[in-house]
Amino acid sequence: MLIAEVDPDRAAAQAGDHQQRFQLVDPGRADGFGGDALEDRARYPLAIASEIRARCGPDFVISIRFSQFKEVDYGARVFATPDELGRFVALAEAAGISMLNVSSRRFTKPEWPDQEPTLNIAGWAKRLGRLPVMTIGSVGLSSDIFADLFDKQDLSLQIAADLAELARRRPAGEFDIAGIGRMLIANPDLVSKVAAGEVDRLELFRKAVHLKHLMGSMEPGLVEESRKVEGV
Ligand SMILES: Cc1cc2nc3c(=O)[nH]c(=O)nc-3n(C[C@H](O)[C@H](O)[C@H](O)COP(=O)(O)O)c2cc1C
């Protein structure tokens, strides 16, 4: 296995929003990787994680990225209930995963608001297991990555408000690490600027500028219209 040969000290396994090759596999397959049950859908990504653990040893850090939604379908629910998520987290622990990297379109989105008015999917994962959790999704920005990249939504900065919200959620035990994507691309010095109290000097992420090379090569129809489910 390549990971064992190149000898890094950590690996991130992808079962996230648009990693078809390593996603929680959908029902409908007959090869054991993809029945209806959560345990069947989770078998493939967790088998790979187990193998990484077996080959790279006990001290190697393995995180797994997962999302509740899918890029091709905002309304999709990988985990229908907290019980399903809890079963997945337990399986991830048993497979030797060290950390959960939980992606959402926006980190403030409550996952099961009828049960907990503000707890996001990362907070639920943290509550339901023992693993450290990373929360990620639109930190510092008003729109999620897909609305931003594909739906031409206007984007504005809200870094101070989001940092305050993260500062509230972390001591409440809702996550351990916050992940930042686009704002870090736009501001590689984000951490030092925030530490120096220079939040006002942070630049807004603009895809036309910061992802110029990628946006130019995007093919029409790359992202299916089916993902646009209202109100999710
Ligand atoms: C240019 C770019 C490439 C990305 N590539 C991946 C990827 O390969 N796999 C993945 O799971 N997420 C990928 N993401 C999503 C980020 O990991 C992150 O979840 C997303 O940008 C949300 O964080 P943000 O709102 O802070 O940008 C990518 C994001 C950007 C902007």
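# Talking through a predicted model

Trainee: Is Tyr 74 buried or exposed?

Mentor: In this predicted model, Tyr 74 has 20 C-beta neighbours inside 10 Å. The cut-off for burial is 20 or more such atoms. Tyr 74 reaches that count, so Tyr 74 counts as buried.

Trainee: Where in the chain is Tyr 74 found, and how many Å apart in space are Tyr 74 and Phe 146, C-alpha to C-alpha?

Mentor: Tyr 74 belongs to the loop between β2 and α3. Along the sequence, Tyr 74 and Phe 146 are 72 residues apart. In space, C-alpha to C-alpha, the separation of Tyr 74 and Phe 146 is 9.7 Å.

Trainee: Thanks! How confident is the prediction, and which element of the chain has the highest mean pLDDT?

Mentor: Let's begin with the whole chain, which averages a pLDDT of 84, with 80% of the residues scoring at least 70. Residues 17–22 have a pLDDT below 50, and this stretch has 12 contacts in the model beyond near neighbours in sequence. Among the elements, helix α1 (residues 2–6) has the lowest mean, 57. The highest mean, 98, belongs to helix α4 (residues 121–128).

Trainee: How many helices and strands does the chain have?

Mentor: The chain has 232 residues, and 31% of them count as buried. Of the contacts between residues at least 6 apart in sequence, 65% join residues at least 24 apart. The secondary structure comes to 10 helices and five strands.

Trainee: Let's look at the strands. Which residue of β3 is the bridge partner of Arg 65?

Mentor: Start with strand β2 (residues 61–67), where six of the seven residues are buried. Strand β2 is joined to β3 by five bridges, and the two run parallel. Within β3, the partner of Arg 65 is Asn 101.

Trainee: And on to β4: which residue there is the bridge partner of Ser 103?

Mentor: Strand β3 (residues 99–103) runs parallel to β4, and four bridges join them. The partner of Ser 103 in β4 is Ile 136.

Trainee: Which residue of β5 is the bridge partner of Ile 136?

Mentor: Strand β5 (residues 177–179) pairs with β4 in the parallel sense, over three bridges. In β5, Ile 136 is partnered by Gly 179.

Trainee: Which residues of β4 point the other way from Val 133 and Thr 135?

Mentor: Strand β4 covers residues 133–136, and all of these residues are buried. Val 133 and Thr 135 point one way. Pointing the other way are Met 134 and Ile 136.

Trainee: How do α2 and α3 pack, and at what angle?

Mentor: Two packed helices are described by the angle between their axes and the distance between the axes. Leu 38, Glu 39, Ala 42 and Leu 46 of α2 make the contact with α3, whose side includes Arg 87 and Phe 88. Helix α2 passes α3 in a right-handed crossing. The axes of α2 (residues 38–56) and α3 (residues 82–94) are 10 Å apart, and the angle is about 35 degrees.

Trainee: Why does Tyr 44 count as buried, and how many Å separate Tyr 44 from Phe 33 in space, C-alpha to C-alpha?

Mentor: Tyr 44 has its place in helix α2. Tyr 44 is buried because 20 other C-beta atoms lie within 10 Å. Phe 33 is 11 residues apart from Tyr 44 in sequence, and their C-alpha to C-alpha separation is 5.7 Å.

Trainee: Last one: what is the phi of Ser 138?

Mentor: Ser 138 lies in the loop between β4 and α5 (145–150). With 24 other C-beta atoms within 10 Å, Ser 138 is buried, and the residues Ser 138 touches include Arg 105, Phe 107 and Asp 144. The C-alpha atoms of Ser 138 and Ile 180 are separated by 7.5 Å, although these residues are 42 apart along the chain. Ser 138 is not a glycine, yet its phi is positive, at about 65 degrees.

Definitions and conventions. Residues numbered from 1 in each chain as written. Predicted model: local features only at pLDDT ≥ 70, side-chain atom pairs only at ≥ 80, totals over all residues. pLDDT = per-residue confidence, 0-100. Contact = placed C-beta atoms within 7 Å. Buried ≥ 20, exposed ≤ 12 C-beta atoms within 10 Å, placed from the backbone. Pairing = 2+ DSSP bridges. Axes fitted to C-alpha atoms, helices over the stretch in contact; angles between N-to-C directions. Left-handed = near helix turned anticlockwise from the far one by under 90°. Lists of a residue's contacts leave out its neighbours within four places in sequence.
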